[in-house]
Amino acid sequence: MTNSETVRHDATGQRDRMLATLDASNAGDACTLVGWVHRRRDLGGLLFLDLRDRSGILQVSVGPAWSSAEGLAAAQGLGAEDVVRVRGEIALRPEEARNPEMATGDIEFRAHDIELLNRAATPPIPVFRGPEDELPGEDLRLRYRNLDLRRRELQENLILRHRLILTARNYFDRIGFVEVETPILTKPTPEGARDYLVPSRVHPGEFYALPQSPQIYKQILMTAGFDRYVQIARCFRDEDLRADRQPEFTQIDLEASFVEPDDILAWIEGLMAEMAAVAGVEAHPPFARLTWAEAMERYGSDRPDLRWDLELHDWTAAFSDTDAEILQSIIGSGGRVRGLRLAGGARLSRRQIEELEGVARKAGAPGLLWAKGSAEGGSGPLARWMGPGHWDATGAGEGDLLLVAAGPDGMTSPALSAVRGAVIRALELPKVREHAWLWVLDFPLFEEADGRLYANHHPFVLPHPDDLDRLEFDPLSVRGLAYDLVYNGSELGSGSLRVHDPALQRTILSLLGLSAEETEQKFGFLLEALASGAPPHGGIALGMDRIVKDFLGAPSLRDVIAFPKTTAARATFEGAPVPVAEGDLADLGIGLREPTGALKGAEPRDPE
């Protein structure tokens, strides 16, 4: 056994220590270790095994001077990923054999006996051993996820995830929040994305839904007097996937009564500061704040990446007297001329500028107008319409580049936001800060698509009190008391104060196109709870998967989830989804036909 006089948390009936907990201070200790054979090297008289467990790797030496004949024979027959138990003694490595790049590089384990616990079949993919090895393709790694999860990088990602969730739980417990679990089988509700439906066997023809969020239940908990609720909640959305979206996800979900937005923001800033410290990320409250209108005006996005200070400019007035008929027509119809001024941007080639034009078109604009230089020698399509006054108004100088989009804000904002990101990469602009935290506030309550209104966040956002008088005759101008947390251009959380007056909630649902009968059927239980004496309340939901991904700088959510789905929403390791036998479907009263329709409506906010 070890020199420690205390019971170790890593000791079990089959092992005394985890490998990376051992160091030079343990020299001379006799112990039993277990793990996987990471690598084997046979040097004739000596045989070396790299033994691996979750904590790390330790070199095991097998030789006739200290190993039994049975142990020598067992070691000769071992292959990669075999599971073994070794008994022996910790020894210092010779000075010339020490490995400073390994946590256990000063020691080795001299095995007396080796016991094969389980033979491993030849792995269908190699278990990644270091940066010199090339990773298999992601499709193969997801198919053999249990082997991929042996990779140290993924194990460290999931361990960090565990520590961040533990930090969150401890933080909220410390400030008086109570964790309450809400139902997984719930009622379908129109929240802007498609529900996963679960048929009821005992009630044929009726369905549960998997929750997109615990939104309604946490509001009901407020009416029940649980004035500070939190939950590490599993949620589900049946929609198209991409790198930052999965059909099932985890969110840190909270709600509190008798609060203002500043209360929620302060709590979350404190949480982020503690979680960021665990991950080695900087977070120093208070965070910067912009209204939605300010963010869209200055950056063209409601989740701008403020690691760079590059901002959009409005040059509508400057170009109001231009000879360009297209600009005059756009300005005359209420559109604006907006763009980016890039110091030193004239060094971009024509091909690079054409690529930026492609970025703008992909984001919905017909293209870009551009000009290089200054009044003394400008070039580019825009330059021929520019006189000295236009150059002065834009502030462009020699060597600068102007990129301009003209039209309604709904078209130019996303296009210029996309171009801004592409320009930052093309010019390799230096960051002004490494960690950019931002609150975006006062979102529009509604947005319009297909000639009807949709909730910008969800139907339960409290309208801004200054805008209530316009709710029914000019709803698109009404702001909601909603707020999003943005980190380095990624939305980590979304929340709001909630409607607690049932009459106001009915009005908002009516504006969203629900009849009185539909409102009662879908939301009657919420309205009933609100009518029982609901306190003013609000909350937020933070995407746990995305927090871990962004703190690590990982390229995909799949790198921080143990068993993720592919972009085709398939679980390739276990092979889901699968067809179900007709008899099983018949027991549920279900028959199959070709699917019709498509996802419609506003894209939901993430993660609330």
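Predicted model: local features only at pLDDT ≥ 70, side-chain atom pairs only at ≥ 80, totals over all residues.
How much of β13 is buried? Six of its seven residues are, so the rest of the structure largely encloses this strand.

## The rest of the sheet

β13 and β15 are part of an open, four-stranded sheet, paired antiparallel in the order β12-β13-β15-β14. Which strands stand at the edges? They are β12 (313-314) and β14 (369-372); each pairs with a single strand, so one side of each has no neighbour in the sheet.

For β12, the partner is β13: two bridges hold this antiparallel pair together. Pick out D314 and you'll find R338 of β13 as its bridge partner.

Now for the greasy bits. As a rule, nonpolar side chains in soluble globular proteins tend to be buried together. Here, the largest nonpolar core counts 65 residues, and I268, M272, M275 and W437 have the most contacts inside it. Helix α6 (residues 261-279) supplies the largest share of this core, with eight residues.

M272 is a handy place to start looking around. Leaving aside residues up to four places away in sequence, what does M272 touch? Its contacts are A283, F287, W437, L485, L492, L542 and I547. One of these, W437, is also among the residues with the most contacts inside the core. Apart from this core there is another one, made of 23 residues and including I353, A365, A415 and A422.

## Helices α4 and α14

Last stop: a helix pair. Helix α4 (residues 152-174) packs against helix α14 (residues 544-552), with 10 Å between their axes and an angle of about 120°. That angle is why α4 counts as oblique to α14. The crossing of α4 past α14 is right-handed.

Which residues meet where these two helices pack? From α4 come N157, L160, R161, L164 and I165. On the α14 side they meet M544, D545, V548, F551 and L552. If you want to find this contact in the viewer, those residues are the ones to select.

How values were computed. Residues numbered from 1 in each chain as written. Heavy atoms only, no water. Core = buried A, V, L, I, M, F, W, Y, C linked by side-chain atoms within 4.5 Å. Buried < 20%, exposed > 50% of the residue type's maximum accessible area, 1.4 Å probe, protein only. Contact = heavy atoms within 4.5 Å. Pairing = 2+ DSSP bridges. Axes fitted to C-alpha atoms, helices over the stretch in contact; angles between N-to-C directions. Parallel < 35°, antiparallel > 145°, perpendicular 65-115°, else oblique. Left-handed = near helix turned anticlockwise from the far one by under 90°.
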